[in-house]
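Please consider the structure shown below. The paragraphs that follow lead through its salt bridges and its nonpolar cores.

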Amino acid sequence: MSKSLLMIEGGIAGEHVYHLQSRLTIGRAPESDIHLPDPSVSRQHALVYIEDEKALLEDMGSRNGTYVNEECVKKIVLSSGDVVRIGNVTARFLKEVEVPRQLAMKKTQEVNGWSSHEAEMNDTLLQRSERLQKFVSNLPLFACLKQHDLDLVCQVAKLFVYNPGQPIIRHGDWGDFLYMVLDGKIRAFTYDHQGKDVTLQLLGENSFFGEGPLLTGRPHTSAFETMEETLLCKLSFETIRDLAERYPLINGLLEQNQKEHLSYVERRRKSLGLERRKHPRYEIPLTIIFSVSPDLNLSDQLQRKIFQGISAAISLSGVRVRLKDKSLGLLPIGCIVRLEIVLPSPWQSIRCIGIVRHMMEANKGDDRAHMGIEFSDMSFATQKMLENFFYSRVTAEA
């Protein structure tokens, strides 16, 4: 088998290169073969090893999971170019002949007596690097930059290849990066009242997206995924802020792009008959317990019954609950319900009043109906706790 490398590309662990020749442990524990001193990494997080001339990555029961190309995995055979995420640390798996010349400038790590300085350059990755230089130079966002700052952008930018249908940004994500499309196509979408995704906008080569949280301080209200194999360049918000301080025009262009995007999305929503959402939705499965207000003209059996379901989507405005109980079809739209939202430990459960806004029959292959409930009487303190819970979940998964 040709020599393989695991290149640590992001996170407080810095940049290192590890030669994979046998069995290496990955974790926060100092005794790990690949030591990643990041709080998001478990002490014994993952294991990478060679078996039958294949490189395998195996999660060791970590708290935050092990991801390959943004898919959570338990055990997987790595392919050259795979992007591995361990907590907040990203790495790239490469065969020896696919390591670019720029690797020689990185800090290397000797493992089993072999140095990554011996690696050869791959023409494809070199072409991508040259493409990045040309792309950054021609992008209107960076037209005002001086040459040394353009070089800096190319040095700190990260290139990622995404497979078709791969999520880039999910509803409710707190963003940390600006994304620029070098090749491929991106779809921005949302969900209608029946939970079906609706395309809002298509983004192609030489476009950028993801600046919303940087400008507004709020999470993303649209989701983004690839429609075909896509080459993206990622720049951290920290880099963008630093450049915007020295080049105010950048901030103006970001605001203009965000304004045009929101205007386009709003027109698209109206054409589709979709309401504009005040708050982002989160696809977090939570136990929802509720009872019907006693002043309704319903049977005593319904008024005394305690219903339970699982949230399919939840926001600061309301929740969509998946339920099996068919008797819920008797509840009138607009009826008042008393809600309890069970948050995981150490969070406390949340109680509030809700209004039933719509009922939806189960989709094909799903035996649960969906009920949309709008929160109508939630205290500021309760709303703030729910918002903090959303933030903690998103940042933990980032």
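In this predicted model, R351 is exposed, since its relative accessible area is 58% and exposure begins over 50%. R351 forms a salt bridge with E340, and the closest N and O atoms of the two are 3.5 Å apart. Because R351 belongs to strand β24 and E340 to strand β23, the pair ties together parts that are eleven residues apart in sequence.

The structure holds seven salt bridges. Another of them joins K384 to E387, with 3.6 Å between the closest N and O atoms. These two residues are three apart in helix α7, so about one helical turn separates them. K384 counts as partly exposed at 38% relative accessibility, and E387 is likewise partly exposed at 25%.

A further salt bridge pairs D242 with R246, whose closest N and O atoms are 2.9 Å apart. Both lie in helix α4 (residues 237-246), and because they are four residues apart, they are separated by about one helical turn. D242 has a relative accessible area of 35%, while R246 has one of 40%. Together with D149, D242 and R246 are linked in a network of salt bridges.

Attention now turns to the interior. In soluble globular proteins, nonpolar side chains tend to be buried together. The largest nonpolar core here has 29 residues, and L386 and F390 have the most contacts inside it. Among the elements that each supply at least two residues of this core are β23 (336-342), β24 (350-360) and α7 (380-397). Beyond its neighbours within four places in sequence, F390 is in contact with residues including W174, Y282 and I314. A second, separate core has 26 residues, including L132, F135, L150 and V153.

Conventions
Residues are numbered from 1 along each chain as its sequence is written. This is a predicted model: local features need pLDDT of at least 70, side-chain atom pairs count only at pLDDT 80 or more; totals for chains, interfaces and linings use all residues. Side-chain values use heavy atoms; hydrogens and water are left out. A nonpolar core is a set of buried Ala, Val, Leu, Ile, Met, Phe, Trp, Tyr and Cys residues joined through side-chain atoms within 4.5 Å. Buried means under 20% relative accessible area, exposed over 50%, partly exposed in between (1.4 Å probe, protein chains only). Contact means heavy atoms within 4.5 Å. A salt bridge is a side-chain nitrogen of Lys or Arg within 4 Å of a carboxyl oxygen of Asp or Glu.
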